[in-house]
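Please read it with the sequence and the coordinates open beside it.

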Amino acid sequence: MKWLRGALIVGTFALLYVLENKRPLRRQVESKEIETFRNLAIAATAGIAVNFLEKPVTDQLTKFTKEKRFGLLKLFRLPKGLETAFAVVLLDYTLYLWHVLTHKIPLLWRFHKIHHADLDLTAATAIRFHFGEIAISVIFRAAQILLIGVSPQALQIWQTLLFASIFFHHSNIDLPKDFEEKLQKIIMTPRLHGIHHSAEKSEMDSNWSSGLTAWDYLHGTFRRDVAQDKITIGVKGFIEQKDVTFAKMLLEPFQNYELQINNSSIRNS
Ligand SMILES: [Zn+2]
């Protein structure tokens, strides 16, 4: 099954990559090859953190919830399929909450900012995460599993759906507008998530869902009133190619801001 999941993930990415070349939604700022290569390099650091930190924890905890019948969903004797469906929906909702926190808590934003500091938004941006964000999120993932009562199978299904969903809504594909508007009623789409990746804070503070848009509707954070050609993708202060090199992106969360402010005020005086 592992190879099938891997093939599905790689296949989805490859298909989206081809479609991005055929029908781009936004004008590409950087060369697509350079942007993709850098994103995959940053994603590789995240992949190491997933394998050595996240996976050992989630493997143990999902085994625990299954064997000990631990967590909210295990309080009910639900048919297996229904329990899995509820687990997937609750994981999706709690990921929405975590996503909001990664923007609102300064320490978390230091790391999540690296995901946003891509000058373009493409399927490869979907997996561009700083390894530090993955490392910190292990604590939240553990809490999700234990509170909800997520079994190994439910976690695997959610992760596979999540991969497909994030590749899709980060992709730079111009879907027929009325088709996309229908989709937006159910799932996150490229135009909606483009608004979340705007450098403008008022626009960025919207469309946080990673799967179902129900959570954005529920919290009043759903927004589709910004045209894609009016959006500057990225983070203020990281708008040029020289600001977003691989090395800079890896080191950025560890910068001492106070020291920078002090240095510049010394220089100015
Ligand atoms: Zn975000």
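1. Which residues form one aromatic cluster? The cluster is made up of F13, Y17, F163 and F167, where rings of Phe, Tyr and Trp (its six-membered ring) pair if their centres lie within 6.5 Å, and where planes under 30 degrees apart count as stacked, over 60 as edge-to-face and the rest as tilted. The charged end of K32 sits over the ring of one of these residues, Y17, at 4.2 Å from the ring centre; the rule here asks that NZ of Lys or CZ of Arg be within 6 Å of the ring centre and within 35 degrees of the ring normal.

2. A word on the basis of these values. This is a predicted model, in which local features need pLDDT of at least 70 and side-chain atom pairs count only at pLDDT 80 or more, while totals for chains, interfaces and linings use all residues. Residues are numbered from 1 along each chain as its sequence is written, and side-chain values use heavy atoms, with hydrogens and water left out.

3. Two packed helices are described by the angle between their axes and the distance between the axes. For helix α1 (residues 2-22) and helix α6 (residues 152-170), the axes come within 9 Å and cross at roughly 10°, and the two helices are therefore roughly parallel to each other. Helices (H or I, at least four residues) and strands (E, at least two) are DSSP runs, numbered from the N terminus. The axes are lines fitted to C-alpha atoms, for helices over the stretch in contact, with angles running from 0 to 180 degrees between N-to-C directions; angles under 35 degrees count as roughly parallel, over 145 as roughly antiparallel, 65 to 115 as roughly perpendicular and the rest as oblique.

4. Where α1 meets α6, R5, I9, T12, F13 and L16 are in contact with Q156, Q159, T160, F163, F167 and F168, contact meaning heavy atoms within 4.5 Å. By class, these residues divide into six nonpolar, four polar and one charged (Ala, Val, Leu, Ile, Met, Phe, Trp, Tyr, Cys and Pro count as nonpolar, Asp, Glu, Lys and Arg as charged, and the others, Gly among them, as polar).

5. For helix α2 (residues 32-68) and helix α5 (residues 131-148), the axes come within 9 Å and cross at roughly 10°, and α2 and α5 are therefore roughly parallel to each other. On the α2 side the contact includes T45, A46, A49, V50, L53 and E54, and on the α5 side it includes F131, I134, A135 and V138.

6. Buried means under 20% relative accessible area, exposed over 50%, and partly exposed in between (1.4 Å probe, protein chains only). The rings of Y217 and F222 have their centres 4.3 Å apart and their planes at 15°, so this pair is stacked, and Y217 is partly exposed at 40%.

7. Not counting residues up to four places away in sequence, D216 touches Y96, M188, S206, N207, W208, S209, T221 and F222.

8. N207, in the loop between α9 (201-204) and α10, has a phi near 50°, a positive value in a residue other than glycine, and N207 is buried at 0% relative accessible area. R69, placed in the loop between α2 and α3 (80-104), has a positive phi of about 50° although it is not a glycine, and R69 is partly exposed at 32%.

9. T84 is found in α3 and is buried, with a relative accessible area of 9%; leaving aside neighbours within four places in sequence, T84 is in contact with Q153, A154 and I157. L101 is also found in α3 and is partly exposed at 34%.
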